[in-house]
Amino acid sequence: MLDVAVIEEAAAAEASLDPIRSRILAALAEPGSAAMLAGRLGLPRQKVNYHLKELERHGLVELAEERRKGNVTERVYRATAASYVISPSALAAVSPDPDRSPDRLSARWLLALGARLVQEVGSLLTGAARAGQRVASFGIDAEVRFASAADRAAFAEELSQAVAGLVGRYHDETAPQGRRHRVVVGLHQIPDPAPDPAAATDTDTDRLDAPQENPR
């Protein structure tokens with residue numbers, strides 16, 4: 001079972017979002033048959049069996065084993081991944097395009113960048129899985145608490161300069177064996193677990209450089 005699988009087809013995305021099928025996928029973190037799942041989920045066995053076949057058709061579950069019980073063969077399934085991400089490619093013509101209106105201070109543009117990241121890395125993972133290879137990638141995840149909006153803006157400017165300097169130093173357009181890589185750096189506020197509608201936060205605006213009260 002994979003840690004994360006990427007859903008790239010619209011039909012598979014639709015299948016995964018069905019409430020019953022979503023519950024079945026979650027239950028199949030541990031292998032189970034239609035009869036076992038029916039007991040776990042409190043659903044009729046025939047209904048579970050129907051949804052299992054649809055999930056299998058879209059590659060979201062797979063046959064783990066077959067058990068012979070008297071004259072009956074019990075099919076035991078498992079989810080193909082512990083979790084799933086739906087690629088923007090499943091949205092086809094309406095998927096986000098960061099080239100449409102680039103603005104490094106726009107939260108919506110950052111979201112479009114994230115969508116492209118999911119789409120491109122998802123495509124790489126799908127191709128690598130078919131070839132039995134791994135994807136060479138690198139990621140950084142950090143958390144920083146700014147004392148003020150001014151500090152946040154200064155941090156963003158220094159980060160921009162540092163990334164631009166590194167890209168300029170290592171980018172080689174003429175290297176015959178060179179391979180293009182995407183560098184994406186994002187900075188956004190972490191949503192509160194239980195947001196207060198009366199509190200003013202960056203979620204009230206689309207731009208990172210807008211003034212705000214800084215909660216401590």
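Me: Which residues of α3 and α4 meet?

Reply: In this predicted model, A34, A35, L37 and A38 in α3 meet R45, V48, N49 and L52 in α4, and by class this contact of α3 with α4 holds six nonpolar residues, one polar and one charged.

Me: At what angle do α3 and α4 pack, and what is the distance between their axes?

Reply: Two packed helices are described by the angle between their axes together with the distance between those axes. Here α3 and helix α4, which spans residues 45-57, pack at an angle of about 115° with their axes 8 Å apart, and the crossing of α3 and α4 is right-handed.

Me: How should I read the pair α2 and α3, and which residues bring these two helices into contact?

Reply: The axes of helix α2 (residues 19-27) and helix α3 (residues 34-41) come within 11 Å and cross at roughly 110°, which means that α2 is roughly perpendicular to α3. On the α2 side the residues are R23, I24 and A27, and they meet L37, R40 and L41 in α3; the residues of this contact divide into four nonpolar, no polar and two charged.

Me: Turning to the strands, in which sense do β3 and β4 pair, parallel or antiparallel?

Reply: Strand β3 (residues 61-69) and strand β4 (residues 72-79) pair in the antiparallel sense over eight bridges, and L63 has Y77 in β4 as its bridge partner.

Me: What lies between the strands of that hairpin, and which residue there takes a positive phi?

Reply: The hairpin of β3 and β4 has two residues between its strands, and G70 takes a positive phi near 65°.

Notes: Residues are numbered from 1 along each chain as its sequence is written. This is a predicted model: local features need pLDDT of at least 70, side-chain atom pairs count only at pLDDT 80 or more; totals for chains, interfaces and linings use all residues. Side-chain values use heavy atoms; hydrogens and water are left out. Two strands pair if DSSP finds at least two bridges between them. Helices (H or I, at least four residues) and strands (E, at least two) are DSSP runs, numbered from the N terminus. Axes are lines fitted to C-alpha atoms, for helices over the stretch in contact, and angles run from 0 to 180 degrees between N-to-C directions. Angles under 35 degrees count as roughly parallel, over 145 as roughly antiparallel, 65 to 115 as roughly perpendicular and the rest as oblique. Contact means heavy atoms within 4.5 Å. Ala, Val, Leu, Ile, Met, Phe, Trp, Tyr, Cys and Pro count as nonpolar, Asp, Glu, Lys and Arg as charged, and the others, Gly among them, as polar. A crossing is left-handed if the near helix is turned anticlockwise from the far one by less than a right angle, and right-handed if clockwise.
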